[in-house]
Amino acid sequence: MANEKNQQTLSSLKGSLTGVETFYVVDYQGLTAGQLGKLRKDIREKGGQLIVAKNTLINLALQDGGRDFADALKGPSAIVVAQDDPAGVAKALSDAAKSNDKGIPAVKAGFVEGNRVDVKVVERLASLGSKQSLQGELVGVLSAHLSNFVGILEAYKEKLEGQA
């Protein structure tokens with residue numbers, strides 16, 4: 001007979017992972033309570049959530065969604081769910097790992113927009129910056145090209161008026 005607390009935790013995990021397209025499996029062992037609290041806060045600010053549970057329960061919840069991460073669930077593991085900003089959450093994990101000499105939390109595996117990815121992809125994603133900063137860069141590039149285009153049109157208009 002399964003433990004009732006484990007059944008409740010599994011049900012909660014399944015609910016948290018339902019409809020999630022991006023999450024990371026991380027090793028958090030070695031973080032102090034203060035560091036873990038700060039990490040949770042940083043992840044929450046980026047629209048994510050850090051979930052700590054037993055590997056068996058995490059594995060059962062993931063397998064229920066058709067995702068197999070049994071190979072990554074060795075040693076203490078946590079799931080970091082990224083709802084709004086996958087790159088921002090990855091950056092928060094990367095920044096936290098750089099802030100201590102142990103490199104913790106260490107990403108073990110990732111699931112980005114419906115596809116399993118390795119650690120290198122998660123690291124590259126973390127180097128991109130947040131979704132909001134990328135959108136700002138895109139707007140800047142587009143506006144520069146549009147202003148150049150308007151300048152060309154005005155020059156062509158003046159040329160046509162000069163010929164007439």
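I began with Lys-41, which is partly exposed at 45% relative accessibility; buried is under 20% relative accessible area, exposed is over 50%, and partly exposed falls in between (1.4 Å probe, protein chains only). This is a predicted model, where local features need pLDDT of at least 70, side-chain atom pairs count only at pLDDT 80 or more, and totals for chains, interfaces and linings use all residues. Residues are numbered from 1 along each chain as its sequence is written, and side-chain values use heavy atoms, leaving out hydrogens and water.

Next I looked up the partner of Lys-41: its side chain meets that of Glu-45 in a salt bridge at 3.6 Å, N to O (a side-chain nitrogen of Lys or Arg within 4 Å of a carboxyl oxygen of Asp or Glu). Glu-45 is exposed, at 56%.

Then I moved to helix α4, where Lys-91 and Asp-95 are four residues apart. They form a salt bridge at 3.7 Å between the closest N and O atoms. Lys-91 is partly exposed at 33%, and so is Asp-95 at 37%. My tally of salt bridges came to four.

Last, I checked Asn-59 in helix α3 (residues 55-64). Asn-59 is buried, at 17%.

Notes: Helix = DSSP H or I, 4+ residues; strand = E, 2+ residues; numbered from the N terminus.
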